[in-house]
Amino acid sequence: MKDKILALEKIALLLEPGDKKRLEVREKVIQYGEDFLDEIEELKAYIFTEDKGAGLLESPIKEEPENIEQTLELLLNNVDIPGLNPASGGHLGYIPGGGIYYSALGDYLADITNRYAGIFFASPGAVRMENMLIRWMADIVGYPSTAAGNLASGGSIANLSAIVTAREAHNIKSKNIEKTVIYLSSQAHHCIDKAIRIAGLQECVIRYIPLDSNYRIIPEALEKMIREDDTAGLSPFMIIASAGTTDVGAVDPLEEIGKIARSRKLWYHIDAAYGGFFLLTDYGKSLMKGIELSDSVVMDPHKGLFLPYGLGVVLVKDVHALNKVHQYQANYMQDALEFTDEPSPAELSPELTKHFRGLRLWLPLKLHGLIPFRAALEEKLLLARYFYEEIQKIQGFAVGPPPELSVVTYRYIPKKGDPDAFNKKLIEAVQQDGTVFISSTILNGHFTLRLAVLSFRTHIKTINTLLEILKLKVEELEVMEP
Ligand SMILES: *Cc1c(COP(=O)(O)O)cnc(C)c1O
């Protein structure tokens, strides 16, 4: 047996490459990253390819190792070329992504040391770091010291956590679900509907609150709905508002809604996945006044703090509410569960073993300080306003409401023919070109183009490029029209 163990050990040791081998592989990987960053300004924001990455399937996982050069080649051709390039400043669709460099180094170190960030006993420092970052964000929102939160993988999971927390805090049981009412905006992100379903709340009464012409909740209409539901013997339970909707970037009147929620004793959740970090600007702070009245809020550092994908945050005003739904006990955890002042992520989220996500946020915040983040956010707000003005100077373009944050909606009204069909062709032409990427939505039944500025790499040059491309493509399409 001993011989066998030693023989296996020899092979297993291949999993621990020596320093020479590490250097060799690391240099290639670093070079790959450097090549990408060197070219980022010229790289397209979208690339259509014939096989859409299917080349990966021609290279199955094998028993024998392969070399780093060929492996990176596979990655480049099949993953990093086809489709959307979220790291590009030309990504102006959906809600753009980020990818600040120091986050990548944070992930690198988190993966090398592999600290166990789920439980205070296992890694008090990692848990303290995450709690400190959560505290920092709770301060930005204006939550009291009773608040807690969790670093989740993204906004969808963070919203789910908040909704499950609300359900438990208000003791919603299946027997009274059909009388329980949730109020939200038809502009709420689809992950909210998904979370309601996953949380088992699908059979609640779901009320869509009327919106004003800028797609914001009308507080008086909300209050009237609640009153009527109360009178009808239903149980109003939760209001979900948005601080930055995905379609148009609308910020609901957070303070007025907060007062209604408080007087009616409803759970008040705000989805600020997109808009939340604009609180780092003076303008955003005044626009989102009242956000502190909420019981829970979600923000996405992988949007508004320009981090690479993989970080959304849920904040809950009352730590006990978050803990009530996520607490657990298990015999095999008896050494790890000691009482401390520092709550552990495992007690406040569905996860146990988790990625040490704090480091990818902490490192860039430490190395950059807040100054460039605030400036970049303010720049994005102004770029959206700049585009809103400039697009109206190109004949034929009509715009939606003035941007509250960094989303602008607009469409071209062709000289003749169906505007919806024309704008569909226009967006296809822009996407085929690929220099910049824009997306679309349906507003009031109309096919509408959207500009969303949130990449830290988007600057005035990018917006001018988009304006030029739109002008050119419109001219080409107008000529082609019969
Ligand atoms: C992006 C977004 C979400 C979903 O967050 P993910 O991080 O993509 O899971 C939820 N709500 C709003 C308003 C968003 O912009």
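**Entry 1: D271**

I began with the side chain of D271, where a polar atom sits 3.0 Å from the backbone nitrogen of A273. I call a polar contact a pair of N or O atoms within 3.5 Å; within protein, one must be able to donate a hydrogen and the other to accept it, and residues adjacent in sequence count only if both atoms are side-chain atoms.

A note on ground rules: this is a predicted model, so local features need pLDDT of at least 70 and side-chain atom pairs count only at pLDDT 80 or more, while totals for chains, interfaces and linings use all residues. Residues are numbered from 1 along each chain as its sequence is written, and side-chain values use heavy atoms, with hydrogens and water left out.

D271 belongs to strand 7, residues 267–272. For elements I use DSSP runs numbered from the N terminus: helices are H or I with at least four residues, strands are E with at least two.

Is D271 buried or exposed? D271 counts as buried because its relative accessibility is 7%. My cut-offs are under 20% relative accessible area for buried and over 50% for exposed, with partly exposed in between (1.4 Å probe, protein chains only).

Setting aside neighbours within four places in sequence, I find D271 in contact with N159, H189, I192, A241, S242, A243 and V298. Contact here means heavy atoms within 4.5 Å.

**Entry 2: two buried lysines**

Next I looked up K317, which is placed in the loop between strand 9 (312–316) and helix 12 (319–326). K317 is buried but has no salt bridge, and D295, the nearest side chain of opposite charge, is 5.5 Å away. For charges, I count Lys and Arg as positive and Asp and Glu as negative, leaving out His and the chain ends. A salt bridge needs a side-chain nitrogen of Lys or Arg within 4 Å of a carboxyl oxygen of Asp or Glu.

What does the side chain of K317 have at 3.1 Å from one of its polar atoms? I found the backbone oxygen of S294 there. Beyond four places in sequence, the contacts of K317 include Y143, R262, E292 and D295.

I then turned to K354, in the loop between helix 13 (345–348) and helix 14. K354 counts as buried because its relative accessibility is 9%. The side chains of K354 and E130 are joined by a polar contact of 2.6 Å.

**Entry 3: salt bridges**

How many salt bridges does the rule give? I get 21 salt bridges.

One of them pairs E41 with K461, with the closest N and O atoms 3.2 Å apart. This pair links distant parts of the chain, 420 residues apart: E41 is in the loop between helix 2 (19–39) and strand 1 (46–47), and K461 is in helix 17 (residues 460–480). E41 counts as exposed, at 60% relative accessibility, and K461 counts as exposed too, at 57%.

I also looked at R360 and D107, whose side chains meet in a salt bridge at 2.9 Å, N to O. R360 lies in helix 14 and D107 in helix 4 (residues 101–113), so this pair ties together parts 253 residues apart in sequence. R360 is buried, at 5% relative accessible area, and D107 is buried, at 16%.

**Entry 4: between the domains**

The chain is assigned domain 1 (107–368) and domain 2 (371–480); these bounds come from an automatic or database domain assignment. Their C-alpha centres lie 31 Å apart, and 27 residues of domain 1 are in contact with 23 residues of domain 2.

The buried area between them is about 2,300 Å², with 67% given by carbon and sulfur atoms. I take buried area as the accessible area (1.4 Å probe) that two parts lose on being put together, summed over both.

I count one salt bridge between the domains. R216 forms a salt bridge with E404, the closest N and O atoms being 3.3 Å apart, and D212, R216 and E404 are linked in a network of salt bridges.
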